[in-house]
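Try each task before you read its solution.

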Amino acid sequence: MQSLSTSNRILILIAALLIIPSYFTPLWQISLWAPQYPEGLNMKIWIDHLSGNVDQINGVNHYIGMNHIGDEMFPEFTYLIYVIGVLTALGIVAFLIGKRWSLYSFFGLMALFGLAVLVDMYRWGYQYGHNLDPKAAIKVEGMSYQPPLIGYKELLNFLAYSGPDTGSWILIGGVVLLLIAIIRDRMEKSAL
Amino acid sequence: MKKNVWLLAAGMIAVALAPSCKPKGAQSAISGDAASKVYVAPGEHDEFYNIVSGGFNGQISVVGLPSGRVLKILPVFSVNPENGWGYSEETKPMLNTSHGFVPWDDLHHIAISTTNAEHDARWAFANGNNTPRIARVDLTTFKTVEIIEIPNSAGNHSSPFITQSTEYVVAGTRFSVPTGENTDVSIDTYKENFKGHISFIAVNPETGRMNLSFQIEAPPFNFDLARAGKNKSHGWFFFSTYNTEMAHTLLEVNASQKDKDYIMAVNWKKAEEYVKAGQGTKKKAKYAHNTWDESTHSATSTMMEEVLVLDPKILKDIVYFIPCPKSPHGTDTDPTGEYIIGSGKLAAIIPVFSFTKMLAAIEKKDFEGTLDGMPVLKYESVLHGEVEKPGLGPLHTEFDGKGNAYTSMFVSSEIVKWNIETLEVLDRVPTYYSVGHLSIPGGPTGKPHGKYMVAYNKITKDRYLPTGPELAHSAQLYDISGDKMQLLLDFPTIGEPHYAESFPASLIKDKQVKFFQIEKNMNPHALKGIKEARVERKGNEVHVYMTSIRSNFRPDNIEGVNVGDEVYFHVTNLEQDWDVPHGFAIKGANTAELLIMPGETSTLKWVPDRAGVFPFYCTDFCSALHQEMQGYLRVSPKGSNTALKFSTGEVE
């Protein structure tokens with residue numbers, strides 16, 4: 001089994017440590033703009049709670065029969081702290097092992113985690129946008145209100161945006177470091 | 001005969017041509033691109049807040065400058081059915097006085113709080129003239145948060161002027177009145193029994209809370225206006241007086257006899273020392289002190305019992321009189337604090353007094369006599385100089401911070417700009433018509449912002465589309481940034497503005513309260529969520545604990561109320577977003593609506609006078625379903641046993 005160069009090992013360590021800010025920074029954000037909300041309504045999703053204009057978004061969305069958004073809507077909040085903890089721990093283990101396979105495994109794990117998050121977000125968004133109260137005051141035939149997974153989307157009088165927030169960007173930065181480590185490792189290998 | 005025809009023809013031609021010979025009026029007064037200087041584009045904000053007294057409407061208008069747009073009418077001393085001020089149970093105590101509930105007053109002057117003689121714009125103070133009171137308005141909520149009644153006073157006109165760091169706000173009485181134990185005296189005994197009390201109200205530097213610290217028992221003159229010394233004259237206060245003749249009838253004639261009245265200079269630092277040394281006398285006096293608590297969203301009225309009075313006849317070196325020509329109205333200190341400008345409304349000159357000379361004259365005891373033991377200084381010893389031929393009827397002077405003074409001339413309807421140092425008249429512009437007070441942003445402070453000047457005119461006549469016998473009072477905006485004053489804009493005002501102040505919007509714009517945190521609402525009747533909504537009966541009182549949130553009331557179906565019950569609607573607005581007030585009104589209520597801010601609780605009392613079903617609804621358009629925001633309350637005849645029942649959204 002191939003050992004990794006010290007610098008590549010350090011890159012793994014940094015990537016692992018870059019997971020830690022997820023505990024203190026928002027991971028995802030959803031924003032809405034409308035003519036009467038020029039300043040926008042913004043909701044942030046953290047590792048275990050929501051923040052921002054959640055009440056206002058609920059106030060606006062109840063007219064079209066959308067569910068009341070609250071912490072209880074996200075079972076992920078109960079276990080995400082452990083998942084993130086395990087990922088960090090495995091990253092440090094990968095650094096300690098310092099073999100090529102540990103780098104690849106950790107990268108794979110992180111990529112899988114990212115994919116899982118996106119799938120989960122899509123699933124939630126679909127539920128939230130389609131599961132409408134049949135007694136809603138405003139019903140638009142054929143209209144559903146699924147927020148965009150990433151990027152912008154127009155929903156009636158609102159423009160909605162969804163995308164990663166600080167914590168996720170840091171995580172993505174860590175994954176990029178892992179990619180760099182992989183590329184460097186391959187170059188070192190071919191140089192031999 | 002033929003000659004007569006020719007004369008007639010010539011006469012007719014002369015008449016036809018006559019209008020074109022008249023001097024040109026306002027049309028020619030506008031020059032340059034005035035429109036663009038007052039144009040605030042849609043979505044843009046004005047540069048200055050202009051806090052304007054409403055005069056006989058007892059309110060304050062909040063105006064933007066330079067546009068002249070009215071942003072808000074905020075009730076102070078007068079009930080305001082528009083938002084339930086003085087009608088809701090929470091606000092009623094604000095208008096309590098020693099005479100009971102008083103629903104109106106005459107609000108003349110504004111003082112914006114200062115620190116070191118510069119606007120900090122934390123609070124606006126305003127005077128109630130008729131039933132003497134001073135109010136404090138919080139400029140983060142634009143709400144009246146405190147009203148203190150002034151005892152031993154009548155016609156609180158010489159008020160609410162403040163010291164340079166808002167240590168004190170003063171209240172000088174316009175009417176001298178008999179005070180003390182026996183006030184049932186003959187009006188003829190004016191000179192013996194009438195007193196002119198000057199009140200010093202301390203302002204807490206942190207909270208703004210007012211406390212009537214002491215009064216000075218002055219001679220029975222009429223006190224008109226006042227200004228605190230600032231910078232070098234900090235520690236002194238200057239009050240203009242008229243009717244020093246001490247007349248009590250036909251003042252128009254009898255109070256205009258003397259060539260000179262006085263500016264009363266008060267060494268309040270010295271007075272403070274006497275208070276500390278226990279030199280005052282505690283006297284019985286009943287007055288109300290009303291405070292608004294934003295944590296409970298409600299007011300409390302406390303009746304006070306005594307006041308500390310200083311007697312300047314015994315306590316020397318507090319009060320000095322400066323002779324000032326003919327019934328001075330304004331007494332204004334310039335930004336440096338060195339000059340005191342007296343505007344004698346019947347005088348032909350404007351005297352400018354020097355603070356340095358005043359101190360020297362006091363030092364040398366250069367007095368022309370005494371008034372009940374209080375020194376009267378010599379006019380010439382205190383005089384810096386006189387502005388010659390300024391115009392007719394000088395009233396009030398403001399400053400631009402560049403060494404110039406601007407004095408309004410009521411009788412000759414003009415504003416005169418002059419140099420404080422040289423006393424030279426630099427410019428004059430007409431006003432339309434009969435100008436009262438002037439207001440320059442920061443004008444009365446140690447740091448005027450200059451740029452604009454507003455003239456508040458007393459007579460309007462033909463300036464706007466006519467509206468019957470009563471016309472809007474007119475204000476005029478001038479550009480004073482150049483050498484010459486330039487008229488920019490006419491705009492109508494609300495009520496009858498007397499004095500106003502302006503300050504840069506940036507001072508408070510970002511400090512505005514947008515809504516009240518519902519978790520912090522300590523009103524005893526507040527509801528924290530829709531689940532707490534309920535109706536309770538206590539004897540003949542029915543308490544409806546109601547929530548409002550877009551777009552429903554909970555409960556919205558109520559039964560079990562009888563004719564003659566006292567029904568209290570305690571409505572909590574559960575919204576937590578800016579600009580989402582809800583209203584509440586019920587048919588036949590003898591009060592007014594409630595207008596409840598997000599996170600606030602207000603109470604409306606209603607005594608149903610007949611059986612039936614009474615609708616109630618939201619009065620402030622709140623959402624697309626505002627028109628659905630309504631409910632019903634059933635009233636049964638007196639003595640009925642209809643079960644108390646309340647619900648929302650239940651359909652059988």
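**Exercise 1: a sheet in chain B**

In this predicted model, E30(B) and strand E31 (residues 452-457) of chain B are paired antiparallel, with three bridges between them. Find the residue of E31(B) that stands opposite Val435(B), then work out the strand order of the sheet and its edges.

*Solution.* 
1. Look across from Val435(B): the residue facing it in E31(B) is Asn457(B).

**Exercise 2: a helix in chain A**

Compare the span of helix H4 (residues 100-130) of chain A with the expected one, and say what its buried residues pack against.

*Solution.* 
1. H4(A) has 31 residues, and at 1.5 Å a residue the expected span is 45 Å.
2. From first C-alpha to last, H4(A) reaches 45 Å, so close to expectation.
3. Its buried residues are Ser102(A), Leu103(A), Phe106(A) and Met110(A).
4. The buried residues of H4(A) pack against helices H1 (6-17), H3 (76-97) and H5 (166-191) of chain A.

**Exercise 3: where the chains meet**

How many residues of each chain are in contact with the other, and what confidence does the predictor give the complex?

*Solution.* 
1. Five residues of chain A contact five residues of chain B.
2. On the chain A side, that's two nonpolar, two polar and one charged.
3. For the complex, the predictor gives an ipTM of 0.77 and a pTM of 0.90.

Notes:
Residues numbered from 1 in each chain as written. Chains lettered and ligands numbered in written order. Predicted model: local features only at pLDDT ≥ 70, side-chain atom pairs only at ≥ 80, totals over all residues. Contact = placed C-beta atoms within 7 Å. Nonpolar A, V, L, I, M, F, W, Y, C, P; charged D, E, K, R; others polar. Helix = DSSP H or I, 4+ residues; strand = E, 2+ residues; numbered from the N terminus. Buried ≥ 20, exposed ≤ 12 C-beta atoms within 10 Å, placed from the backbone. Pairing = 2+ DSSP bridges.
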